[in-house]
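Please follow the account below with the sequence and the coordinates at hand.

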Amino acid sequence: GTEPSPPRLPRESFLTKLRADVPRYVFPVLGPVAAIGGAWLALERGREAARRPALILLLVWTATGAAATGILLVGGSVPAHRFLAFAMGLPILFAAGLVATASLLMARAGRARAVAAVLVLALGVGGGATIAYRAWYRSHPWMPREQLAQAAEAGSYLRETPGAAPIVFLVDLGGHSPLSSTSLSFHVIRAGLPPEMISRTLVYLGEPEAFLAGRPTILTEPASYRRASLRHWPSVEAVLDRNPIALMMPAFNRNFDAAVREHPEWLVSPNIAVVRGPPPRRPPATAPAPPAPLSPFGLAALTIGILLLLAVAGGGWAGALVPADGLTRAATAPAFGIAFLAGASVLAGRVGMVPTTASSAMVVAVVTMAGWLLFAMGGIPGLRLRGSGRGERAGSPRGRRPAR
């Protein structure tokens, strides 16, 4: 939201990504088993009232992926592959389908049926793990260490540069999809910069001479280059009259060496060329190497720590809004933490709060204290989420039901 004209990927890019992702889900197997799970949840007797809200949630959750795919196929520009990746109602329904099949086999006595039920569950779990492994084991880091280090080094130069001028990074990695590579470079650059500089950082796709002349770079090869350049150009054009700082780095621009050979005065360090802007007061500090990959123990500890933080931030909101027992509230607390922290962070950015360590900590503190204060006050009448109330403390007013 900080760009005057944020670049958007074209529909063709989303179609390409969707075609690449769909085979990984093995829908001919996943779909029918998930349908069995949905039917079982809908038709099984005994706990219809308790299962109905869960089934509705799972169906709506699954439908988001189908709806996004449909919109993309009829002409919309929607990242349907991302909706599919987060439509986790589908694998939950798949698990329900496995349980349903095993339950039907176990409904009648017999050792053969019991063995068949165990095999169904084993094959389902093993097949799901195999599908996940195939989808992930070939994945590669989208944030190259060299790029992140050079972006951090650029941040060192910018810290020594007075003023608050816009910052334009000249990017050109070549390849058949310049729009995707430029947008990805944009994200990596912002990730490596100090947080207070993110809101004034832009990217320009093309040659430094064209940028200095105040025009976009238009190339005929690849065919998508012109469109990619023009996608990023409006946001850069809007700040040209504010004397932006313009930088080039070799990890983000294939023309870096040629540019510094022609303009050696631009080079302020082996990894930074200042195309426009003041010279540094001192040589930019070499950025420390990005952290090494976490060990399995470190990853587990970090995951647990994040879950605990989210649970604390969302615990008050869950207690105030969920009409259930303590275990259910604890289980939903991390989800409430994600929802309220994300919403509060977006709101803070929209009203102009600069993302720093202190401001981020303040957002977390405000969200956490507001939730627990609301819980201590007994919630807001009329805003408690609907639920069956099952599992509440016996004898409590909310736990009693009127005689029929």
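**A walk through the predicted model**

The side chain of Ser235 has a polar atom that lies 3.1 Å from the backbone oxygen of His232. The model in which this pair is found is a predicted one. Ser235 belongs to helix 10, which covers residues 225-237. With a relative accessible area of 0%, below the 20% limit for burial, Ser235 counts as buried.

A polar atom of the Thr201 side chain lies 2.7 Å from the backbone oxygen of Met197. Thr201 is part of strand 2, residues 201-205. The relative accessibility of Thr201 is 0%, so this residue is classed as buried. Beyond its neighbours within four places in sequence, Thr201 is in contact with Ile167, Phe169, Phe186, Ile189, Arg190 and Leu193.

These two residues may now be set in the context of the whole chain. The protein chain has 14 helices and 5 strands. It comprises 404 residues, of which 36% count as buried. Its accessible surface comes to about 23700 Å², and 66% of that area belongs to carbon and sulfur atoms. When contacts between residues at least 6 apart in sequence are considered, 70% of them join residues at least 24 apart.

Is Leu98 buried or exposed? Its relative accessibility is 11%, and Leu98 therefore counts as buried, since the limit for that class is under 20%. Although Leu98 and Ala34 are 64 residues apart along the chain, their C-alpha atoms are separated by 8.4 Å. Not counting residues up to four places away in sequence, Leu98 touches Val33, Val120, Leu121, Gly124 and Val125.

Between helix 9, residues 208-212, and helix 10 runs a loop in which Pro222 has its place. The peptide bond that leads from Glu221 to Pro222 is cis, and its omega is near -5°. Asn243 is not a glycine, yet it has a positive phi of about 50°. The relative accessible area of Asn243 is 57%, which means that the residue is exposed, as the class begins over 50%. Val26, which is likewise not a glycine, has a positive phi of about 50°. Val26 sits in the loop that links helix 1, residues 11-21, with helix 2, residues 27-43. With a relative accessible area of 23%, Val26 is partly exposed.

Helix 7, residues 145-159, and helix 8, residues 178-192, have axes that come within 7 Å and cross at roughly 55°. Helix 7 is therefore oblique to helix 8. The crossing of helix 7 and helix 8 is right-handed. On the side of helix 7 the contact is made by Gln147, Leu148, Ala151 and Ala152, and on the side of helix 8 by Val188, Ile189, Ala191 and Gly192. Ile189 is also one of the residues in contact with Thr201.

Helix 13 takes part in two further pairs. How do the axes of helix 12 and helix 13 stand to each other, and at what angle do they cross? The axis of helix 12, residues 296-321, comes within 5 Å of that of helix 13, and the two cross at roughly 100°. The two helices are therefore roughly perpendicular to each other. Residues of helix 12 that meet helix 13 include Leu307, Leu310, Trp317 and Leu321. Among their counterparts in helix 13 are Arg329, Pro334, Phe336, Phe340 and Leu341.

Helix 13, residues 326-350, also packs with helix 14, residues 357-376, at an angle of about 130° and with the axes 10 Å apart. This angle makes helix 13 oblique to helix 14. Their crossing is right-handed. From helix 13, Arg329, Phe340, Leu341, Ala344, Ser345 and Ala348 meet Val363, Val364, Val367 and Phe375 of helix 14.

Note on methods: Residues numbered from 1 in each chain as written. Predicted model: local features only at pLDDT ≥ 70, side-chain atom pairs only at ≥ 80, totals over all residues. Heavy atoms only, no water. Helix = DSSP H or I, 4+ residues; strand = E, 2+ residues; numbered from the N terminus. Buried < 20%, exposed > 50% of the residue type's maximum accessible area, 1.4 Å probe, protein only. Contact = heavy atoms within 4.5 Å. Areas by Shrake-Rupley, 256 points an atom, 1.4 Å probe, with all protein chains shown as cover. Polar contact = N/O pair within 3.5 Å; in protein donor to acceptor, adjacent residues only side chain to side chain. Axes fitted to C-alpha atoms, helices over the stretch in contact; angles between N-to-C directions. Parallel < 35°, antiparallel > 145°, perpendicular 65-115°, else oblique. Left-handed = near helix turned anticlockwise from the far one by under 90°.
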